[in-house]
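Subject: Structure handover and notes

Hello,

Here is the structure for you to look over. My notes come after it.

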Amino acid sequence: MQIKKIPDVDAIRGGERHSGELHLTEHHIIFVYPNKIPDNVPPPPNAPKTREVYIAYPIIANCIFRPCPSATGRPSAIRLRCRDFMFINFNFHDELQARDAFEYIRSRTCRLGTIEKLYAFSYQPLKPERPFNGWQLYDPRAEFRRQGISSKSVDRGWRISSINKDYTFSPTYPGLLVVPSQISDNVIKYAGAYRSRQRIPVLTYLHSLNNCSVTRSSQPMVGFRGARSIQDEKLVSACFSASATVEFNGVDAPLSETTDPSPASSLTDLRGDMLDSETSDTERLEDELISGSDSNYDSKTGKRLVYGAQQSNLIVDARPTINAVVMQAMGKGSENMEYYKFAKKAYLNIENIHVMRESLNTVIDALKDGDISRLPPNRELLAKSGWLKHITGILDGSALIARQVGIRHSHVLIHCSDGWDRTSQLSALSQLMLDPYYRTIEGFVVLIEKDWLSFGHMFQQRSGPLNHEKWFTVERDAMAGSAIPPGESDGRAGEAFENALASAKRFFKNRNNESNAESDGDGMGSPPEDPSQPKKPAPGTPEASEATRPNEISPVFHQFLDATYQLLRQHPNRFEFNERFLRRLLYHLYAGQYGTFLWNNEKARKDAKASERTRSVWDYFLSRKQEFVNKDYDATIDDRQSGRERLLFPKLSEVRWWFQLFGRTDAEMNEYLDLAAARDERLGVYAMGAPTSSMPGAFSPNTAGSRSPRPPSSPQPPSLPFSKSVLTGVESAHEALTPEQRAAGAANPAALKHSASADTPNAFTTNLAKLRDGVTSLDIGRGLFGGSASTSTSETKKDQEMADMAGSEKGSLEMA
């Protein structure tokens, strides 16, 4: 293996400087420096003479080259920011060497052209990994058999369909689909045309104790004219009535090997009592919005139904309501509840991939000087990022789904736009809350394989393993702040208007071109591509499908891991794996060393023969399992004992920064949040003792997410919002989601409970007019509704994790 060595390089990380030698290989940057032992510390036996820092090329998120003529006496520098939040600066005494190193790094990072040149295709596993084959770890038939679905077992209302065995029905879906027993493949075939990319409602999880289901899909193709599909309506109805086909008490529910028997009545009796006494104000508000409509009264007798006597089946649309409107104007949209009267629909207000990307970018801005200084993060930027708000919203939405299934004995269908971003987050996290099996190492691997890898997620687009030219910049001068991205020239002052106009044209062109609609962006919020960048590969070529598109990069899987970390942090003895397991998983999402996250779906992995040509990332984790086991893990499941229940829910007020991931201390990242929480708690105690009026159901930060009871009439602390729920609205019939209605709903949350539009004459005509007015007011619908289209562009710690590299078990070691 050819290695390019550059001596006399200074590396600055966490404000500490080390001199050493920079090695540039085909797949890694390696910085080698002396292992200096402090004078007052006895040297350990067999201490190495040098230490090494490995940086895989695909993990580079930003590279700035600052050339400076050698005659000036100032060093030239290459400053790197990595996707695992490593910040490091290399100083070179020779400008030519620095420029040569920059070009070498760039050519092996963003100019590969194909993922087949990544390290995964040449990586030879170390000896501990060789006995493992992570590609065979997930067997969908075995997993659904564990859930109780098998052709040889009692019919629980579901069957395994082979309609997609050759991936011709839906190329982005698994080859094995679990559908209601009463629905034929012929009905499924016709229903497929009504869902984006034929991602029809199919089962991902069946609760072992009450036979209630979590199904997932993409958005329906409702469109501007309000199209419907009888087959889709039958399919969703069958998904929501599957449990009615089984006398569940006669079925032996499969139990995890790690669990102890629980009483048969645990979910009906114990959970029913807990619902009123151990839910937070946020959860109460959500439950009221879902159940507090006229569906609580029998339509024939007019009598109020007793709680638990009826299901409250739910269609969960993860998007903000206005985003669903935009997609309806684009020919897609959300279910018309006039035709799905057996369920209600909830909007969760989880933002699209563009908002999430910008949120993380703001977090990075708060941390970006982590190479040259040890100053704490910019807390204003941390707060401005909204990152914790987004994580809280995802957790809240997932908890809502878990409550519907695990406590309210109801079915839930989840979708967003294409059903592979927010849908995967909500589906996987809700199952993590429902099923203790998924909290084991094996079960968590199966969960990721099932809901992310098998059901499909755009890993190539969201992670961008081939990097991008715009992430490599050359500064004009070592003392200047302006930069010239490669391929960009000066004199761009007159391009602003042209760029905005081109962006508007691309907006509608791309949304009408299905081959380009691979973003879960809800048709809005994406900034334009930079026209100064090199031309994209020709459409239809492998290079085009694998090329990184900056506007489609988004930390979707990162957010899932962050939300899992929050659950682990709040319930430290309920997970078999530890925090480091999640951190290393995020590292390998980007490192390109294993093939697991290099493709978008099952079909792509099989077509590329991934299992034959690359190793699975699970080989890494399983061969080192003891490093990732949580020493506090308690596998006992007993619904009669607090802290050992089968169900697990987040404490929304205790969401905190994942400080280990960001390479900072807990105090640096979270001290201000802990101080604010303590202050709010004092305010809450003061308010509870003051003779002030209370607001029923008001949100209080000292109780939100807590499972402990609180008197409903306790006063609300001053200046706190009414609700922090991610739930923005519930429909029991079709309604037009115009900005005016949203504003009214924000002012009066109770107004979001129910829409009676289906009960009024000419309901759809009225809604259609409102939809036209609402979308036109956004200045994005004029091309559809008349007129011209337009739009606007809007060292950390000494225990740095070991990363396996070629030929030997080297580590991403920190500079001491």
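The notes below cover the cores, some of the helices and a few single residues.

Please keep in mind that this is a predicted model.

Nonpolar cores

The largest nonpolar core holds 126 residues. Within this core, the members that touch the most others are Ile 29, Ile 55, Phe 90, Phe 444, Ile 448 and Phe 557. The element that gives the most to this core is helix H10, residues 387-406, with 10 residues.

Helix H12 and its contact with H16

Helix H12 covers residues 441-454. It has 14 residues, and the distance from its first C-alpha to its last is 18 Å, close to the 20 Å expected at 1.5 Å a residue. Because 13 of its 14 residues are buried, H12 is largely enclosed by the rest of the structure. Just after H12 comes Gly 456, with a positive phi of about 95 degrees.

Two packed helices are described by the angle between their axes and the distance between the axes. For H12 and helix H16 (residues 556-570), the axes come within 14 Å and cross at roughly 150 degrees. The crossing is right-handed. On the H12 side the residues in the contact are Phe 444, Ile 448 and Trp 452. They meet Val 556, Phe 557, Phe 560, Leu 561 and Thr 564 of H16. By class, this contact has 7 nonpolar residues, 1 polar residue and no charged residues.

Phe 444 turns up both among the core members named above and in the contact of H12 with H16. Phe 444 is found in H12 and is buried, with a relative accessible area of 0%. Leaving out residues up to four places away in sequence, Phe 444 touches Leu 432, Tyr 437, Tyr 438, Phe 560, Leu 561, Thr 564, Phe 577, Phe 581, Leu 582 and Leu 585. Phe 444 and Ala 428 are 16 residues apart in sequence, and their C-alpha atoms are 9.3 Å apart in space.

Helix H11 runs over residues 422-434. H11 has 13 residues and reaches 18 Å from its first C-alpha to its last, close to the 18 Å expected at 1.5 Å a residue. Since 13 of the 13 residues of H11 are buried, this helix is largely enclosed by the rest of the structure. Thr 423 counts as buried because its relative accessibility is 0%. Not counting residues up to four places away in sequence, Thr 423 touches Arg 216, Ser 217, Ile 414, His 415 and Cys 416.

Helix H8 (residues 353-367) has 15 residues, so at 1.5 Å a residue it should span 21 Å. Its end C-alpha atoms are 21 Å apart, which agrees. H8 is mostly covered, with 11 of its 15 residues buried. The buried residues of H8 include the charged or polar Arg 357, His 354, Ser 359 and Thr 362. Among the others are Ile 353, Met 356, Leu 360 and Val 363.

Backbone points to check

Most residues other than glycine have a negative phi, and most peptide bonds are trans. Asp 8 has a positive phi of about 55 degrees although it is not a glycine. Asp 8 is found in strand S1, residues 4-13, and is exposed, with a relative accessible area of 59%. Tyr 167 is not a glycine either, and has a positive phi of about 65 degrees. Tyr 167 is placed in the loop between strand S8 (158-161) and strand S9 (177-180). With a relative accessible area of 8%, Tyr 167 is buried.

A loop residue

Lys 49 is found in the loop between strand S3 (28-34) and strand S4 (50-56). Is Lys 49 buried or exposed? With a relative accessible area of 77%, Lys 49 is exposed. Lys 49 touches Pro 34 and Asn 35, not counting residues up to four places away in sequence. The C-alpha atoms of Lys 49 and Ile 37 are separated by 9.7 Å, and the two residues are 12 residues apart along the chain.

Regards

Notes. Residues are numbered from 1 along each chain as its sequence is written. This is a predicted model: local features need pLDDT of at least 70, side-chain atom pairs count only at pLDDT 80 or more; totals for chains, interfaces and linings use all residues. Side-chain values use heavy atoms; hydrogens and water are left out. A nonpolar core is a set of buried Ala, Val, Leu, Ile, Met, Phe, Trp, Tyr and Cys residues joined through side-chain atoms within 4.5 Å. Buried means under 20% relative accessible area, exposed over 50%, partly exposed in between (1.4 Å probe, protein chains only). Helices (H or I, at least four residues) and strands (E, at least two) are DSSP runs, numbered from the N terminus. Axes are lines fitted to C-alpha atoms, for helices over the stretch in contact, and angles run from 0 to 180 degrees between N-to-C directions. A crossing is left-handed if the near helix is turned anticlockwise from the far one by less than a right angle, and right-handed if clockwise. Contact means heavy atoms within 4.5 Å. The expected span of a helix is 1.5 Å times one less than its number of residues.
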